[in-house]
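Please look at the sequence and the 3D structure below before reading on.

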Amino acid sequence: MGRLQDKVCIITGAAGGQGQVAVKLFAEQGAKIIASDLPEQPTAAIAEVMRDFPGQVHYVRGDVIVNRDLDAIVNTAITEFGRIDVLFNNHGVMVGSPLLETTEQELDDVLDINVRASFLLCQRVARHMVAQGNGGSIILNSSIGGVLGFPDMAAYGASKAGVAQLARSMANDLRDHKIRVNAITPGAIDTPMPHKYLEKFEDREEIWKAMEKAHLAGRLGRPEEVIWLVIFLASDEASFMNGAVVPVDGGYSCV
Ligand SMILES: NC(=O)c1ccc[n+]([C@@H]2O[C@H](COP(=O)([O-])OP(=O)(O)OC[C@H]3O[C@@H](n4cnc5c(N)ncnc54)[C@H](O)[C@@H]3O)[C@@H](O)[C@H]2O)c1
């Protein structure tokens with residue numbers, strides 16, 4: 001019996017570094033999954049999980065800034081599995097740009113994708129959970145950048161602080177419906193995101209080493225080290241976790 005046995009779970013950003021690992025580990029824990037991201041077709045890693053766990057995973061192509069795509073994600077969960085128990089709101093984009101150079105377009109994009117779309121998706125999912133009447137768990141992927149100040153991260157940091165605050169506030173609004181809402185704040189995790197950020201720097205190897213050193217662990221995190229926390233928060237084991245913003249940062253934020 002898996003820790004998420006038969007729970008219907010939506011995972012956004014499913015084609016990304018953390019998302020693909022979430023799809024696999026959630027499936028291994030018995031979840032029924034709606035995996036969604038921008039590519040038309042499931043990635044090879046998602047397709048492999050679909051093969052290994054027949055009928056357990058459905059992929060929905062969706063751009064979270066498009067409302068009808070949010071509807072499609074939610075409606076597919078209902079038509080395929082009849083309910084929604086868990087949302088792992090994981091999609092995100094990073095803008096690593098100095099304050100004085102950040103464009104309005106970059107600011108709008110990061111706020112729309114990370115905050116606005118997360119609000120609207122959580123709202124849609126919560127409405128279904130309320131109607132179902134037996135609670136649920138929503139987990140939002142914030143960031144250490146939403147808790148601490150970093151250079152070149154004003155727009156991203158503000159968006160991720162907003163994501164953490166969504167969890168605290170929504171937990172209050174949903175308390176009477178037994179819907180728990182928590183956020184996680186990962187440190188730097190070895191996925192395509194930090195690699196893309198470093199592309200523009202010539203001394204990217206030194207920056208990478210400095211990033212590693214900034215974590216007490218002396219390295220970046222691995223996606224599964226984040227996803228095990230997400231699985232705990234999604235599961236009934238976390239019944240007393242609500243409105244929390246939980247670091248998973250290899251000790252970065254305790255220094
Ligand atoms: N990697 C890190 O160091 C790190 C640290 C802290 C928090 N995070 C957060 O973790 C989450 C997962 O990131 P990751 O590390 O897997 O990076 P990633 O770039 O591999 O994954 C992000 C995913 O979000 C998807 N996405 C972006 N815009 C979208 C849109 N408009 N519609 C639908 N999907 C969209 C991307 O396609 C991508 O698959 C993100 O919210 C990120 O901000 C990452």
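What follows describes a predicted model.

## How helices H4 and H5 pack

Two packed helices are described by the angle between their axes and the distance between the axes. Helix H4 covers residues 104-132 and helix H5 covers residues 154-173. Their axes are 9 Å apart, and the packing angle is about 15 degrees. Angles under 35 degrees count as roughly parallel, so H4 is roughly parallel to H5. The crossing of H4 with H5 is right-handed.

On the H4 side, the contact is formed by Glu 106, Leu 107, Val 110, Leu 111, Asn 114, Val 115, Ser 118, Phe 119 and Cys 122. On the H5 side, the residues are Ala 155, Tyr 156, Ser 159, Lys 160, Gly 162, Val 163, Leu 166 and Met 170. Sorted by class, the H4 and H5 contact holds 11 nonpolar, four polar and two charged residues.

## H3 against H4

Helix H3 (residues 67-81) also packs with H4. The axes of H3 and H4 come within 10 Å and cross at roughly 30 degrees. Because angles under 35 degrees count as roughly parallel, H3 and H4 are described as roughly parallel to each other. H3 and H4 cross in a right-handed way.

H3 contributes Asn 67, Leu 70, Val 74 and Ile 78 to this contact, while H4 contributes Leu 120, Leu 121, Arg 124, Val 125 and His 128. By class, six of the residues in the contact of H3 with H4 are nonpolar, two are polar and one is charged.

## H1 against H8

Helix H1 spans residues 17-28, and helix H8 spans residues 223-234. What is the crossing angle of the axes of H1 and H8? The axes cross at roughly 55 degrees and come within 9 Å. H1 and H8 are therefore oblique to each other. Their crossing is right-handed.

In H1, the residues that meet H8 are Gly 17, Gln 18, Val 21, Ala 22, Leu 25 and Phe 26. Their partners in H8 are Pro 223, Glu 224, Val 226, Ile 227, Val 230 and Ile 231. The contact of H1 with H8 is made up of nine nonpolar, two polar and one charged residues.

## The nonpolar cores

The largest nonpolar core has 60 residues. Which of its residues touch the most other members? They are Cys 9, Val 23 and Phe 26. Setting aside neighbours within four places in sequence, Val 23 is in contact with Ile 11, Ala 14, Ile 33, Ala 35, Ile 46, Val 49 and Val 57.

There is also a second, separate core of five residues, including Val 95, Val 110, Ala 155 and Tyr 156. Val 110 of H4 and both Ala 155 and Tyr 156 of H5 also belong to the contact between those helices.

Not counting residues up to four places away in sequence, Pro 186 touches Ser 143, Ile 144, Gly 221, Val 226, Val 248 and Asp 249. The C-alpha atoms of Pro 186 and Gly 157 are separated by 13 Å, and the two residues are 29 residues apart along the chain.

Val 248 belongs to strand S7 (residues 245-248). Val 248 has 19 C-beta neighbours inside 10 Å, so Val 248 counts as partly exposed.

Asp 6 is not a glycine, yet it has a positive phi of about 60 degrees. Asp 6 sits in the segment before strand S1 (8-12). With 13 C-beta neighbours inside 10 Å, Asp 6 is classed as partly exposed.

Lys 178, which is not a glycine either, has a positive phi of about 60 degrees. Where is Lys 178 found? Lys 178 is in the loop between H5 and strand S6 (179-186). Lys 178 is partly exposed, since 15 other C-beta atoms lie within 10 Å.

Conventions. Residues are numbered from 1 along each chain as its sequence is written. This is a predicted model: local features need pLDDT of at least 70, side-chain atom pairs count only at pLDDT 80 or more; totals for chains, interfaces and linings use all residues. Axes are lines fitted to C-alpha atoms, for helices over the stretch in contact, and angles run from 0 to 180 degrees between N-to-C directions. Helices (H or I, at least four residues) and strands (E, at least two) are DSSP runs, numbered from the N terminus. Angles under 35 degrees count as roughly parallel, over 145 as roughly antiparallel, 65 to 115 as roughly perpendicular and the rest as oblique. A crossing is left-handed if the near helix is turned anticlockwise from the far one by less than a right angle, and right-handed if clockwise. Two residues are in contact if their C-beta atoms, placed from the backbone, lie within 7 Å. Ala, Val, Leu, Ile, Met, Phe, Trp, Tyr, Cys and Pro count as nonpolar, Asp, Glu, Lys and Arg as charged, and the others, Gly among them, as polar. A residue is buried if 20 or more other C-beta atoms lie within 10 Å of its own, exposed if 12 or fewer, and partly exposed in between; C-beta atoms are placed from the backbone. A nonpolar core is a set of buried Ala, Val, Leu, Ile, Met, Phe, Trp, Tyr and Cys residues joined through C-beta atoms within 7 Å.
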